[in-house]
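I begin with a single residue and its setting.

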Amino acid sequence: MIDAEAMQDAITNHRAEPLMFDGLEYARLLEPVNHYPRGSVVLPDGSVVPGYPAIGRIQSLEAGLPRQFDQPFWAEEKIDGFNVRILRWEGRVVAFSRGGFVCAFSTDRVPDFVDLAVFEAEPDLVLCTEIAGPDTPYLEGSTPRVADDVGLFVFDLMRLGQPGFVPQDEKFALMERHDLPPAPLHGRFTPADTEALGRLIRQLDAEGAEGLVLKTADGEHRAKYVAGGSCINDIRVCSEQLLDLPPEYFTNRLTRLAIFLAEHPPAERVAVERELGAALLSGLATAVDKSRREGRVGHTYRCRFRERAGAQRFIDHMQATGGRHVRFLPDTPRQEANGYWLLEFERLFDRITGTLASALAGDRQYD
């Protein structure tokens, strides 16, 4: 809990931000308050939905496993999507983004994937989920586990107002009892199982999966390990906005890829190098083509809503936070034959738009 006085002090000192979503008043933490991390959500009675913690990355299985784990752990597939925490508050189910905003898209779509009766049986339960697929409003890439639209994967459970996660055994029991859709689980391992995990990660890499999250039985000690192919895929889907992302986005992935290839040598290294080059250049070529044809560079997103009001709430949020960087396409949202409301919008990449416009116009540029 965070009492009203502490909350007001945090708001006054810009450590928290009060927000409103469709009549729901809440606050999100911009900095840690009372040991709750940034991204935590404070509800009107002071109850706290803890922020989801960052998970450290292991770069090398052989060196990292024995150094980071001293007990067995579960290997859970890391889904390439976006993280939301779902709970019921005063009779309504809401989904909060990692940053602590109500996500209008996720809130609208939760009933498609979760039997809401779970909150009758477990009123203080918080579902930590990944939403992924080709039609999310936030990501350029996707996951091979979802062919169309989006899917939802539960990977952790929390209790409202309580620190930490529900232990793994209890989590598995609750998920089975309430038929919650799980992130794929790939077995239990020990720190000595580097060869077995190596075979698993190479299999997942071949399938196009992002990687693994390794979790001890109590759910408190964890690390993530990503496949080499996911590094190339990240570069592929984001090279179109090369100048609009921090350089570390690309250099970090190149470093991870180099370490992955050293530990898991490919049968044909030249083929991997060719794939990496194509990933980097394909997006840039697309950006140049868009600049020539349209005078701007951006990415078009599409997503579906159960209710038109949900789509409008999403539009309102994007216009408030994205401003001039977001352009909604004409005739959107529009209702499809299946009853869903399809929303399409373009997010503009300002820096590469300006640079290419100048270059293609024949301006002099100085390196």
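**Entry: His 14.** I began with His 14, which counts as exposed because its relative accessibility is 61%; exposed means over 50% relative accessible area, buried under 20% and partly exposed in between, for a 1.4 Å probe and protein chains only. I note that this is a predicted model, in which local features need pLDDT of at least 70 and side-chain atom pairs count only at pLDDT 80 or more, while totals for chains, interfaces and linings use all residues. Residues are numbered from 1 along each chain as its sequence is written, and side-chain values use heavy atoms, with hydrogens and water left out.

I placed His 14 in the loop between H1 and strand E1 (16–21); helices (H or I, at least four residues) and strands (E, at least two) are DSSP runs numbered from the N terminus. Its phi is near 60°, a positive value in a residue other than glycine. At the other end of H1 (residues 4–12), I found Asp 3 as the N-terminal cap, with a side-chain oxygen 3.2 Å from the backbone nitrogen of Glu 5.

**Entry: the loop between E8 and E9.** Asp 149 is in the loop between E8 and E9, and it is classed as buried because its relative accessible area is 16%.

Thr 136 belongs to the loop between strand E8 (125–132) and strand E9 (151–159). With a relative accessible area of 1%, Thr 136 is buried. I listed its contacts (heavy atoms within 4.5 Å): beyond four places in sequence, Thr 136 meets Phe 82, Ile 131, Val 150, Tyr 301 and Arg 302. Its side chain also reaches the backbone nitrogen of Leu 139, at 3.2 Å.

**Entry: the nonpolar cores.** I then turned to the cores, each a set of buried Ala, Val, Leu, Ile, Met, Phe, Trp, Tyr and Cys residues joined through side-chain atoms within 4.5 Å. The largest has 61 residues, and Tyr 26, Leu 43, Ile 86, Phe 96, Phe 105 and Leu 157 have the most contacts inside it. A second, separate core holds 29 residues, including Ala 75, Ile 201, Tyr 249 and Leu 257. I recall that in soluble globular proteins nonpolar side chains tend to be buried together.

For Tyr 26 I set aside residues up to four places away in sequence; among those it touches are Leu 19, Phe 21, Leu 43, Phe 96 and Val 102.

**Entry: the cavity.** How many cavities of 30 Å³ or more does a search of the whole structure find? I noted 1. A cavity is a set of points, on a 1 Å grid over the protein atoms alone, where a 1.4 Å probe fits but cannot get out, and lining residues have an atom within 4 Å of a point. The volume of the largest cavity is about 40 Å³, taken as the space filled by probe spheres set on the points, which are joined across faces, edges and corners.

Its lining consists of Arg 57, Ile 58, Gln 59, Tyr 225, Val 226, Arg 256 and Phe 260. Strand E12 (222–226) and helix H8 (247–263) each supply at least two of the lining residues.

**Entry: Gln 241.** I located Gln 241 in the loop between helix H7 (228–238) and H8. Gln 241 is buried, at 8% relative accessible area. Apart from neighbours within four places in sequence, Gln 241 is in contact with Glu 140 and Phe 349. Its side chain and that of Glu 140 form a polar contact of 3.1 Å; such a contact is a pair of N or O atoms within 3.5 Å, and within protein one must be able to donate a hydrogen and the other to accept it, while residues adjacent in sequence count only if both atoms are side-chain atoms. The C-alpha atoms of Gln 241 and Ile 352 are 6.5 Å apart, although 111 residues separate them along the chain.

**Entry: Pro 333 and Arg 334.** I found a cis peptide bond from Thr 332 to Pro 333, with omega near 0°. Pro 333 lies in the loop between strand E14 (326–328) and strand E15 (334–335).

Arg 334 is in strand E15 and is partly exposed, at 28% relative accessible area. A polar contact of 3.1 Å joins its side chain to that of Glu 344. A polar atom of the Arg 334 side chain also lies 3.3 Å from the backbone oxygen of Asp 331.

Key:
1 Å grid on protein atoms, 1.4 Å probe; cavity = no way out; pocket = protein on both sides within 12 Å on 5 of 7 lines; lining within 4 Å.
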